[in-house]
Amino acid sequence: MKDKIGFGKRVYDMFLWSQAGGGDPGRGSLASAAGSILNPLPHQPGATGIDGGPLNNGGIGFWYVNGDSRPFFTSRQAPRAFPGALNATGGVDNAIDIPYGTPLRVGGLNAYALSMDKIAEVEGTASLYPLATRGYYKDKSLTDATIFDFYNNLIDGDNKREHQRWDATNLSIAQTLFDNRIGIEAVYDSQSYSEWRTGATWARPYISVDINKNLQNQLTQYDRVGDLLDTSSYRVYGFDPSDSQPYANPYAGAAFTAGSFQANNRTDRDRENYRLTLFGELRAEDFLSRDSTLAKILGNHRITGLLSREERWEAQTQWLPSAVPYDWAYSLSVSGEDTNLTGATRGVTPIIYLSGPLFDRSTAHGLNLGPIQTYYNPSGVYSVDYFKTEWLPSRNPADASYVDPGAAWTNLLGNPTGVQADNPFNYAGRTNAQVRMLNADEGDFSQLVTNYGVTEQTIDSKGLVWQGHLFGGNIVPTVGWREDKLATYTATGAQDDTGIVATKVGKTSRVLQNTGRTTTWGVVAHMPESIMKNVPVISGLSAYYNHGENNRVEARYNYDGNPLDNPSAESKDYGIVISALDDRLNIKIGKYETKVKNANLPGGSSILGSNQYYLYQLEAWGTANTLLYAFGRAGLDPNQNWHWNWAIVDDNGWDNAAAYDPDTDLFNNHASSTAQLAAMDAWMANIDEQFFKNYAINADVPALKSAYESWRATGNIQPLVKAAQDSGFNPGAYTTGFSSQNNGQINGISPNGTIDNTSEGYEFEIDFNPVSNWNIKINAAKTNAYREALGAPMLSFIEQQWSKLQGPAGDIRLWWGGDNTLRRYYEDNIISAVEFQKESIGFQVPEMRPWRFGAITNYSFKEGTLKGFNVGGAFRWEDKQILGYGLKDDFSGLDVRKPMFGETEEHLDLWLGYQRKITSKLSWRIQLNLRNVGEKVGLTPISVNPDGEIAAQRITEGMSWTLSNSFMF
């Protein structure tokens, strides 16, 4: 089954592919085409879209030959709606029957695993990649440097710019009195730091192969043989293939790089700290005879007090490097759908070809592709190819050019039930427009800001520390106490109707106030010198014990919008220190244990995976889909029947689509329509109004619920249309029509969950000086770190959401009418991860290396020919760590008892130095350092897939050297 690659040296018609559901006979509007196009496979493995955002949803694509400053092709994909398009009676329904086309590429392992899992489902066989929908199978890192030299090049070339700027001022005034018995210090510290990124930064760049016969602007037509399409007669409207140009896409079969963009960002931070420290020392000898036993027992005592105030100011700004102008995107939309600054219709996507067609090659090895040489920063005017919705035939039956919009028409894919109103060739069709791109670096910054927020914090602290030296200094106790009060104030920039965010805010408002306290105590005991002087070899023996409890103040919210408790920790460490051989040998053995409660939940895939956003997005997406379904059922959204018409999707009834119109008995009495309505009712009955407020989603929930109930009772959709439009959701909007106005933050703070951790282990240190000019240091550590529990607030929120999704509300299908349900997405992305973390309680955390060992030595020559030279080396060793887990035997999830480990790591460093005096006041020193001696540049695995295959890898630097030269005076 692994040989079912299917796309070797093949290219495809993107429009026909998409209409046939990507080759899956269970979906798509032309399932009959699947057999002729994709035979013998029921689902094509490894093929995926070039970009799932702007490029496929009404944005603009820029297609470059690497190194060129201007694209050879600039296009706008057909959106979901065509403003002004006619219906059969000559009215406007904004719909045209144009096959939607997703530009295709050869996908990575993740796409391949999903496809192969689907093949197994269709064929009823065991899957090679079970549970692929949970994201367990990650794309694999490129390992062949002859394809692209990733050791010496970044794929994005000279496109990203990173900047930093900082200033610091520190003033300190200190005064001691009474022979240093009393002291006071006042400190003022000011720091200003800014970092920002400009240019183009790809979020997840990749190298792939273009497998498209045609480009986005080319409609396909085919000869028909019976009910099937004869793809051997392939041609493109306005293009005839030739030996020199077999495909309309001149770069079919070529290597390229693409990917979505990250928004540029800037962080500005100002900090001011005022600190007053006062100490006083009290000695028993001030009241007692210095030589008395009681004076020695009571010893000396130092008390230190602290008062401080820290003021923090931080501004976060995010903006798009470039975008399509609002006016142009709006003119091509229906009711401004998806024309917000972050909407797909405003986005731009570059595709940059790194080679010509590669049909003559049997392997990618040896391609030696170079990095991006095009400086991608679109500004100025571009000629953009787009579909113009302008009816060309006469509307007067007496004219020779008259076409009846309701006349029968067989569509481009062979369906004879269409009407001329939907025939794209009755409209102006593909044409060009001059569009001036917005560019942040060319004066359009204020029109491209997507997020701006200010956070101000004040921390008022006070603390006391007492340290005593008792029994002649042999007992040294320490007790400390500290209290911190944190006040957090935030403000976010106002967003206008087009999605532009202002970079000025008014007065900040206090959103949180926290208080945390820390108490510590410890003691060090030294064996009296009077005893140790009689012990052979050993010259000193000490023991120590420290215990601490702290409560760190942080401004944090749970995903439900409620404040989180401060993170806290309880720690203790204790051990002994032995000195021997006249203090030339010191040995320290220690043990520690730290329990942390309410720690921040780490990001990435180590806890809940990379899709934690489902925790706070499904509420918005479920509501959007419910409205989308309602408008479709009311006949207001014919363009998205592939989404809202479950009946036609489930029956694959596209050959007789009119029979499934929402006013037919077939639709209304269909089991799928009934199930959909039950899901809608359940969802609207349980909308979380506070959720929308927390995440600044512009939705009037009470108005939506009231209007929905009115529609269900009366059948009048107009109140629901108005309530939705007042909330920024128009008929024809998509699942993502509801979105957070502050980038998923609550009062300017990103929500998070918490976790309890425990870390315990041993530390060993040896410091040995065999002779005065030779030093040897050895250290080793054994650590056991494990998780104890996920935070109760987050688990409670997850249980509440999961309970809601257990009922009919969970039946809502996320991205299209045949997609998985919200329940399935939540189970795959949240519940499965939570269950795995619960099962992981008490097991070693995967990111921890249990053992570490290091040794360092240096020898200095003090006399003879080599006087002034020093030579040394260091050895570092780290234990293996967990890179991933295998699947359970019943394929129900990952098995914490099946860890897969990486390799141990060991490295050797060497150095040689020389130092001498040039004059009595001037010395010169030179030293050569060799790091990772004998190693070569290579790759080290950092993650594996459940089947044991290596996924991501990092570059190991190999041997390097530095030569330092310094003068001292």
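A nonpolar core is a set of buried Ala, Val, Leu, Ile, Met, Phe, Trp, Tyr and Cys residues joined through side-chain atoms within 4.5 Å. Here "buried" stands for under 20% relative accessible area, "exposed" for over 50% and "partly exposed" for anything in between, using a 1.4 Å probe and protein chains only. The model is a predicted one, so local features need pLDDT of at least 70 and side-chain atom pairs count only at pLDDT 80 or more, while totals for chains, interfaces and linings use all residues. Residues are numbered from 1 along each chain as its sequence is written, and side-chain values use heavy atoms, with hydrogens and water left out.

Start with the inside. In soluble globular proteins, nonpolar side chains tend to be buried together. The largest nonpolar core has 72 residues, and Leu704, Leu720 and Phe738 are the ones touching the most other members. Elements that give two or more residues to this core include helix 7 (614–633), helix 11 (671–685), helix 13 (701–714) and helix 16 (822–839); helices here are DSSP runs of H or I with at least four residues, strands are runs of E with at least two, and both are numbered from the N terminus. Helix 7 is the top contributor, giving 11 residues to the core. Apart from this core lies another one of 19 residues, among them Ala329, Tyr376, Val435 and Met437. Back at Phe738, contact (heavy atoms within 4.5 Å) is made with Ala620, Trp621, Leu627, Ile697 and Leu704, among others, leaving aside residues up to four places away in sequence.

Phe738 also turns up among the aromatic pairs. Rings of Phe, Tyr and Trp (its six-membered ring) pair if their centres lie within 6.5 Å; planes under 30 degrees apart count as stacked, over 60 as edge-to-face and the rest as tilted. Ring pairs link Phe738 with Tyr559, Tyr616, Phe631, Phe691, Phe692, Tyr695 and Phe729 in a cluster. By this rule there are 47 aromatic pairs. In one of them, the ring centres of Trp644 and Phe667 are 6.1 Å apart and the planes meet at 75°, so this pair is edge-to-face. Trp644 belongs to helix 8 (residues 641–644) and Phe667 to helix 10 (residues 665–668), so the pair ties together parts 23 residues apart in sequence. Trp644 is buried at 3% relative accessibility, and Phe667 is buried too, at 1%.

The pair of Phe853 and Phe875 is tilted, with 6.4 Å from centre to centre and 55° between the planes. Phe853 sits in strand 27 (residues 851–860) and Phe875 in strand 28 (residues 869–878), so this pair ties together parts 22 residues apart in sequence. Phe853 is partly exposed at 32% relative accessibility, as is Phe875 at 31%.

Rings can have charges over them as well (NZ of Lys or CZ of Arg within 6 Å of the ring centre and within 35 degrees of the ring normal). Lys804 lies over the face of Trp683, 3.8 Å from the ring centre. Over the ring of Phe901 sits the charged end of Lys880, 5.1 Å from the centre.

Now for the strands, which pair if DSSP finds at least two bridges between them. Strand 19 (residues 449–469) runs antiparallel to strand 12 (residues 300–319), and 20 bridges join the two. Across this pairing, Leu306 stands opposite Gly463. Strand 19 is also antiparallel to strand 20 (residues 475–492), through 15 bridges, with Thr458 opposite Ala487. Strands 19 and 20 make a hairpin with 5 residues between them, and Phe471 in the turn has a positive phi of about 50°.

Lys462 is partly exposed at 38%, whereas Glu483 is buried at 7%. A salt bridge means a side-chain nitrogen of Lys or Arg within 4 Å of a carboxyl oxygen of Asp or Glu, and the count comes to 43. Another one joins Arg161 and Asp158 (3.0 Å, N to O); Arg161 is partly exposed at 28% and Asp158 is exposed at 52%. Finally, salt bridges link Arg849, Arg852, Glu878, Glu905 and Arg954 in a network.
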